[in-house]
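Here are my notes after going through the model you sent over. Keep the viewer open while you read.

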Amino acid sequence: MRIAVIAGDGIGKDVTAEAVRVLNAVSRAFGRPIQLEHLPWSADHYLKTGETLPANGYDLLRTFDAVFVGALGDPRVTDNRHARDILLGSRFELDLYVNYRPVKLLDDRLSPLKDRGRKDINFVVFRENTEGVYVSVGGRFKAGTDDEIAIQEEVNTYKGVHRIIRHAFEFAQANGLTRVCMADKSNAMQQGHALWQRVFKAVAAHYPGITATHQYIDAMAMFLVQDPAQYQVIVTNNLFGDIITDIGGALQGGLGMAGSGNIHPGKTSLFEPVHGSAPSLAGKNIANPIGAILSTALMLETLGARDEARAVEAAVETAIARGQTTTDIGGPLGTREAGAFIAEQLKLRK
Ligand code: NAD
Ligand code: IPM
Ligand code: MN
């Protein structure tokens, strides 16, 4: 396996070091070579060179089996230009239309909800990842004046909506799940989200064994807190998926716990924690590396290394069960020590 590693900015660097430690440990434990190539693309690199990524950057990424990203975002780059090129650019250019964000509570003690535990918090979110408001179609007229007009269109295509909804149903079917819930705002957004309504109904009709339900996104935000047990598979658009997967992070014990995949089935895909660069925590050895480490498990699974993926998940569960974690989830360890404990579990299983 050849993996490109973009540690990026802030705590992205801290947690990527631990994800790499775990990948090296899993490679040794299973005798499967994993070749990691570090790319310097980051705010530092952009501020130093003026380049966000090289001209052939996306083509370069396509030569790898997968890409791992820590996080991108730096207060010195106020327009977020490098993150848009590197992260959003890769999602668009590599056509990574499936944003796969599992929400699984790994220990009852980490539940933020009264009387809810592992049995209640275990679902996946499929976030459309190539359209919506993220395409930046629009513009500003008379910017900076009291007459300013700012337009940011939401793009919804039949192809884009269909392929993510279909993927959600296929995932449910392949995993023996029986419920898919689609969230939109079709009561207010009567053009774009009418398309989501139509396509959802049409696709659902092909899966008679799966109960297809719909919720408005505002109600879903409430139900995620009040009754998360009702969900198995959620499918929604780019922006709503972004927002509810931060709630999903909280449901897992904190944003530092959540991993994700940006996937085009069968093509080079990109894996990253759900959280950002958390500048106030950066370089202090306090960020939780578990979201990044679980993202490596999603990457291994997507590349067909299922036993390796299971082993990484099991190692994370052991760390949590034994309280060998960072302070955000109640443990006594720093980022490096927490990552080393998880890597150690992989060595022990040999
Ligand atoms: P953030 O996810 O970086 O952090 C929000 C808060 O969540 C932190 O202050 C912290 O309390 C907690 N947190 C997040 N990750 C944690 C971890 N690993 N361990 C412990 N606690 C953790 O979100 P933000 O502050 O809104 O954004 C900071 C920067 O990151 C911005 O530039 C933003 O654009 C960027 N960002 C990047 C990505 C990405 O690269 N995928 C994702 C989200 C945000
Ligand atoms: C995420 C992040 C990104 C997004 C930002 C950094 C543009 O929040 O991956 O969840 O909104 O998609
Ligand atoms: Mn986000």
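A polar contact, as used below, is a pair of N or O atoms within 3.5 Å; within protein, one must be able to donate a hydrogen and the other to accept it, and residues adjacent in sequence count only if both atoms are side-chain atoms.

1. Ground rules. This is a predicted model, where local features need pLDDT of at least 70, side-chain atom pairs count only at pLDDT 80 or more, and totals for chains, interfaces and linings use all residues. Residues are numbered from 1 along each chain as written, chains are lettered from A and ligands numbered from 1 in the order written, and side-chain values use heavy atoms, with hydrogens and water left out.

2. Ligand 1. A side-chain polar atom of Glu272 sits 3.0 Å from a nitrogen of ligand 1, and one of His275 is 3.4 Å from a nitrogen of this ligand. Gly276 uses a backbone N or O atom instead, 2.7 Å from a ligand oxygen. On its own, ligand 1 exposes 800 Å², and the protein buries 64% of that (Shrake-Rupley areas, 1.4 Å probe; for residues, only the protein chains shown count as cover).

3. Its shell. There are 19 residues around ligand 1, and Leu72, Glu272, Gly276, Ala278 and Asn288 come nearest (a residue counts if one of its heavy atoms lies within 4 Å). The shell splits into 10 nonpolar, 6 polar and 3 charged residues; here Ala, Val, Leu, Ile, Met, Phe, Trp, Tyr, Cys and Pro are nonpolar, Asp, Glu, Lys and Arg charged, and the others, Gly among them, polar.

4. Ligand 2. Around it you'll find Arg91, Arg101, Arg127, Tyr134, Asp242 and Glu272. Ligand 2 alone exposes 320 Å², of which the protein buries 76%.

5. Domains. The assignment gives domain 1 (1-97 + 265-350) and domain 2 (108-263), with bounds from an automatic or database assignment. Their C-alpha centres are 23 Å apart. Each side puts 25 residues into the contact (heavy atoms within 4.5 Å).

6. Cores. The largest nonpolar core has 81 residues, with Phe126, Ile165, Phe169, Val180, Met220 and Val235 making the most contacts inside it. A core here means buried Ala, Val, Leu, Ile, Met, Phe, Trp, Tyr and Cys residues joined through side-chain atoms within 4.5 Å, buried being under 20% relative accessible area, exposed over 50% and partly exposed in between (1.4 Å probe, protein chains only).
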